[in-house]
Amino acid sequence: MAAPCRRMASWSLPRFLSCFGGTAVGSTGFRQFSRTAVCRVTLQTKSMTDKPSSPWTLMAAVCLQRLPVISADLSPIEQQFGHVMHQMELEKSVLSDHELQLLEDAERMSRKQAGDYDSDEEGKDEEIMLAQDLEDSWEQKLKSFQPAHRVRADVDQDVTSVQRCLADSLVLLAEQQVGSQKLWLLPQTQWQEGETLQQTAERALTTLQAAGFKATFLGNTPCGVYKYKLPKAIRTEGSVGTKVFFFKAILSDCGPPATPDTPFLWLKKSELQHYLKPAYLMKVDHFILDF
Amino acid sequence: MSLALSHCFCRMLFRQTAPSSFLPREHHHIVLSPWFAPVMTLKTSAPLRAEPKKKKKADPRRELQLRERLKKRLKKLEKVPSQFIPIEDFITPAKCLDETRERSTPKLSFEESEGRALLLKEWSRYKKKQHMAEVQAIELALKAQREALEELKLESEELYQAALMQDPLLFPFTHEGPAYTPPKTDYEAPDGKFNDITKVYTQ
């Protein structure tokens, strides 16, 4: 009874593992081994190292976020309130030096034009630079500086560019082979023996993405988990399903511009629903913070 | 045997502790204990001869120490208590209290002031909603994390312990916050020379 079961398990494992993109080099070695004796030895040793061998396959995924680059537009009430606050502060304030100078200059100009003006009363070195002229020169300098545009509609439409929607935080999605389908999900990879889940997530970021993303991982703790059971046809004693642990990271450097064949997207939280499966989205939505 | 021993012992003791019995023969025994100064030697003791005290080597050191302590105490009394460093933000500069600087503000109409009061209330309601939404989002995120840790614990204990450990490379963590306009790739900032005129106080 035991022997045929183990053989079945050894057959189903390679098939199961081949479904998962084949990036985990160590585990695909099973396929190369011939069946019976050698397989059983490897399985036995595996069961000896993981004493309670869990039926769940472990994977780690990375939730890479590009934080906003520019401040968001003010909502109508925020604009109104800002305006009123500015007015109130102006009313409660006192005149500044610059304003006093403006008033004095205006007075002097009016006295000059009045007619009974005695130029000897005032010092001759006070009329070099009027405050108004200073203001005008400052405005000229400001106009000569052209800041970059805040909103660029064409870049916003391009879902693969990192520069889109600079006022919101974006999440990276990659298209990966899971089971028999190609799905859009957060970049994930299988866990290997001898590394922490955090290192698995880092590996997921570097190997599955050809572009060089420099990210800072926020701690060793996973921020969320998604587990799914395999359909009953493939389910065996050794593998009931998969648990995917998510790790948060913040993008620090974009790296070289992406080549067009890289299958990944940068999406806002509101756009995720169009690309992710509902059950997956429900779990992922919790820990992606928009503010 | 024991009696003889005890006799010898007693004799030894008496010899040591009874100088008064040797009174008539004192001029033979010059070394006497100071507690039993006999009458004949009273006139010749040191304090009566008015000799200066014999100074041991430790005395000058002790005197110096005394002098230093007195000096320190004097200095402490003479010292003026140090002034506190003024916090410049809390002191209204005299320039601002000048009467010539007052702004001539037009009086607000009744509708205007009412409108402002209503706007303030509206704003507080808006901010409260925002805050509650933020708190809820954070609660959800924490719940998700707790779930993840529980699942990991069910999986393997060592991975769970590894997940709980602190990451020493994470801090210090810096990130440039959002500005009003995005950064220009080919912009050369002008040289910003400035003279630092902040006042530095020393106590």
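This is a predicted model: local features need pLDDT of at least 70, side-chain atom pairs count only at pLDDT 80 or more; totals for chains, interfaces and linings use all residues.
Reader: What makes the pair A:R203 and A:E195 a salt bridge?

Author: The cut-off is a side-chain nitrogen of Lys or Arg within 4 Å of a carboxyl oxygen of Asp or Glu. For A:R203 and A:E195 the N to O distance is 2.9 Å, so the pair meets that rule.

Reader: Why is A:R203 called buried?

Author: Buried means under 20% relative accessible area. A:R203 has 18%, so it counts as buried.

Reader: How do you know which chains the salt bridge of A:K227 and B:E151 links?

Author: The side chains of A:K227 and B:E151 meet at 3.0 Å, N to O. A:K227 lies in strand β6 of chain A and B:E151 in helix α4 of chain B, and the pair crosses between chains.

Reader: Why are B:E122 and B:R125 said to be about one helical turn apart?

Author: Because they are three residues apart in helix α4 of chain B.

Reader: What describes how helix α9 of chain A and helix α4 of chain B meet?

Author: Their axes come within 7 Å and cross at roughly 115°. The contact residues include A:F287 of α9(A) and B:L140 of α4(B). By type, the contact divides into five nonpolar, one polar and two charged residues.

How values were computed
Residues are numbered from 1 along each chain as its sequence is written. Chains are lettered from A and ligands numbered from 1 in the order in which they are written. Side-chain values use heavy atoms; hydrogens and water are left out. Axes are lines fitted to C-alpha atoms, for helices over the stretch in contact, and angles run from 0 to 180 degrees between N-to-C directions. Helices (H or I, at least four residues) and strands (E, at least two) are DSSP runs, numbered from the N terminus. Contact means heavy atoms within 4.5 Å. Ala, Val, Leu, Ile, Met, Phe, Trp, Tyr, Cys and Pro count as nonpolar, Asp, Glu, Lys and Arg as charged, and the others, Gly among them, as polar. Buried means under 20% relative accessible area, exposed over 50%, partly exposed in between (1.4 Å probe, protein chains only).
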